Amino acid sequence: MKKLNRKYLLLDRLMDYGDSNFYPFHMPGHKRQKNISLLKDFPNPYQIDITEIEGFDNLHYPTGILKESMVQAAEIYGADKSYYLINGSSCGVLSAVCATANLGGKIIMSRNCHKSAYYGALLKQLETVYVFPQIIDFLGINGGILANDVEKLLEENPNTQAVLVVSPTYEGIVSDIESIAQAVHRRNIPLIVDEAHGAHFAFSEIFPKSALDCGADIVIQSLHKTLPSFTQTAILHVKRKYVDEEKLERYLQIFQSSSPSYVMMAGIEKCIDEMNNFGHEYLKKFFYRLDHLREHLKGLENLWLLDTSIVGKWGVYDIDLSKIVVFGRSTLLSGVELSEILRKKYFLEMEMCGINYIIAITTFLDTEEGLHRLETALIKIDKKLTKQRKAEVKEKNCLENISDSFTNYKPIIKKKLADAMDTSYIQLPINDCTGRVSSEFIYIYPPGIPIVTPGEQMTKEIIEQILLYKKRKFSIEGMADKEAQYLRVCQEE
Ligand SMILES: Cc1ncc(COP(=O)(O)O)c(C=O)c1O
């Protein structure tokens, strides 16, 4: 084997980054904090990194300490059963979809679902019926899912086997899960809620109520997104009444690694224990700091901060105020530009940006200094915009009038996901694809919500939206052609 005298490409980069002045407004929720006891107390990962040896139980057939640890977790959350996930919420969503619908069955899912939900539908060859979130028109983002819309689809599709919705959304928008659960349970089928972005909800009433307390049957939460837990750690909770537990466990075994990391599982246990004991206090103090931040940002003249004013409209039942969602709409700044200024000038890294906005994920582990840096940066950018606006607004009044919702075009479904993905395809320049049926997914990551799924007909509007994302240098994923110039479409019969 050839010995290369080289630096560590990844490790050195990570270490340098950790020592840099960059501040993370993205996941993981522990925010790379080195000095607080909650994280410092955790042992060196090598020291506790084992495999399923005698006395340490087995995540796939738990009968000992792991079983006990998960039973305690379920008690804390008020679930009938909770499962530690070491392959992220992705494997929880996949398992939930696969366990609740039979092969070739039917699922109603919100169109703003994460790609993992679509992959579940693909594997089980499901017919997917979409419930569309409301669109907050003046912002161009998704609002909530209306229970009435779910009800209507259930009436039209009496053979539906499960309903899956995302709440909260990436932007922190929470739907009325209680009413949705009632509608779903009237059909004696389960409601799955992808609560990946709301793992902190369960630990304080200051934040929206968790879907588990609103009657959902399977709830999946990414601990790593908003709590102090390692990347890839998540949890799935079940209420038994409408769920076949054995089937769910079978799929969890399929989608989780056969060598689950004890470091991650110990991290999950510690995170939950810490939140159970002190979470209420942590989140209360955090909320107070958030309140301050939001108060100080009230004077923004050009940028606009998503706030409680949208609650009660567009299906928005509640909102998670820890998501700092800032719009540059009606100014001269796009989400990409705002994100770049924050990164390059202020060394603040955002979670994601859309065409018109940025999202900063904040958690109780954010420092005063970090939040202050964000506040100062936004205020300075806003002031600069005021000067600029006076000079330039006449020429460039508004940004592209395009929505960030990913759900504003109702898909024309021509084939089931699985059929379209497995059929013969030809590859065409994306511009020539109007009227053709895609055999690929197309999505921007993050958030990983498909703009197009296999089996859907391409339209002029959808192609324009994709080209605009390309022009704006978003990373378009799902297509075999990484440059997103060519799309695989189903061969016409
Ligand atoms: C709504 C939603 N669900 C599920 C996931 C997958 O979560 P994980 O990264 O924990 O696998 C994501 C990831 O961003 C998401 O946004």
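Strand 19 (residues 442-444) and strand 20 run antiparallel and are joined by two bridges, where strands are DSSP runs of E with at least two residues, helices are DSSP runs of H or I with at least four residues, and both are numbered from the N terminus. Within this pairing, Tyr-443 has Pro-450 in strand 20 as its bridge partner. Three strands in the order 20-19-21 make up an open sheet with antiparallel pairing, two strands being counted as paired if DSSP finds at least two bridges between them. Strand 20 (450-452) and strand 21 (476-477) are the edge strands of this sheet, each pairing on one side only. The model is a predicted one, in which local features need pLDDT of at least 70 and side-chain atom pairs count only at pLDDT 80 or more, whereas totals for chains, interfaces and linings use all residues. Residues are numbered from 1 along each chain as its sequence is written.

The protein chain is divided into domain 1 (45-272), domain 2 (280-392) and domain 3 (417-490), with bounds that come from an automatic or database domain assignment. The centres of domain 2 and domain 3, taken over C-alpha atoms, are separated by 31 Å. Five residues from domain 2 and four residues from domain 3 take part in the contact, two residues being in contact if their C-beta atoms, placed from the backbone, lie within 7 Å. The side of domain 2 that touches domain 3 consists, by class, of three nonpolar, one polar and one charged residues; Ala, Val, Leu, Ile, Met, Phe, Trp, Tyr, Cys and Pro count as nonpolar, Asp, Glu, Lys and Arg as charged, and the others, Gly among them, as polar.

Around the ligand there are 15 residues, of which Gly-88, Ser-89, Ser-90, His-114 and Ala-196 come nearest; a residue is near a molecule if its C-beta atom, placed from the backbone, lies within 6 Å of it. Helix 4 (residues 88-100) supplies the largest share of this shell, four residues, and domain 1 and domain 3 each contribute at least three residues. By class, the shell holds seven nonpolar, seven polar and one charged.

The largest nonpolar core has 106 residues, and Val-97, Leu-164, Ile-180 and Ala-216 have the most contacts inside it. Such a core is a set of buried Ala, Val, Leu, Ile, Met, Phe, Trp, Tyr and Cys residues joined through C-beta atoms within 7 Å, and a residue is buried if 20 or more other C-beta atoms, placed from the backbone, lie within 10 Å of its own. Helix 10 (residues 262-296) gives the most to this core, with 11 residues.

Notes
A residue is buried if 20 or more other C-beta atoms lie within 10 Å of its own, exposed if 12 or fewer, and partly exposed in between; C-beta atoms are placed from the backbone.
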